[in-house]
Amino acid sequence: MPDMSASASLAMTQLATLAKEVDEDKVTPGVLGFIVFAVMALAVWALMKSMNRHMNRVEFMEAPDPKADSEGADADAKS
């Protein structure tokens, strides 16, 4: 592995000191928080996939415009 530059080495030492300053009494989400978030993300993904499948099954046919039908019938009668 190539040698780290001076700035990268300095950044790593500063991050290491920040990690030591973390308060142990603070509450963090931890593994359980990650698992809950991952389950929620999978549920949203499954719901979106299901919605997409259901929306693709819908056949939408627009109702004919009554004005267009009467104008078309008038044009045919004049011809």
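1. Methionine 48 lies in helix α2, which spans residues 30–57. Helices here are DSSP runs of H or I with at least four residues, strands are runs of E with at least two, and both are numbered from the N terminus. The model is a prediction in which local features need pLDDT of at least 70 and side-chain atom pairs count only at pLDDT 80 or more, while totals for chains, interfaces and linings use all residues. Residues are numbered from 1 along each chain as its sequence is written, and side-chain values use heavy atoms, without hydrogens and water.

2. The protein chain contains three helices and zero strands, in the order α-α-α from the N terminus.

3. Confidence is expressed as pLDDT, the predictor's score for each residue from 0 to 100. The chain has a mean of 77, and 58% of its residues reach 70 or more. Where pLDDT is low, the predicted coordinates should not be read in detail.

4. Methionine 48 is partly exposed, because its relative accessible area is 48% and that class falls between buried (under 20%) and exposed (over 50%), with a 1.4 Å probe and protein chains only. Of the 79 residues in the chain, 0% count as buried.
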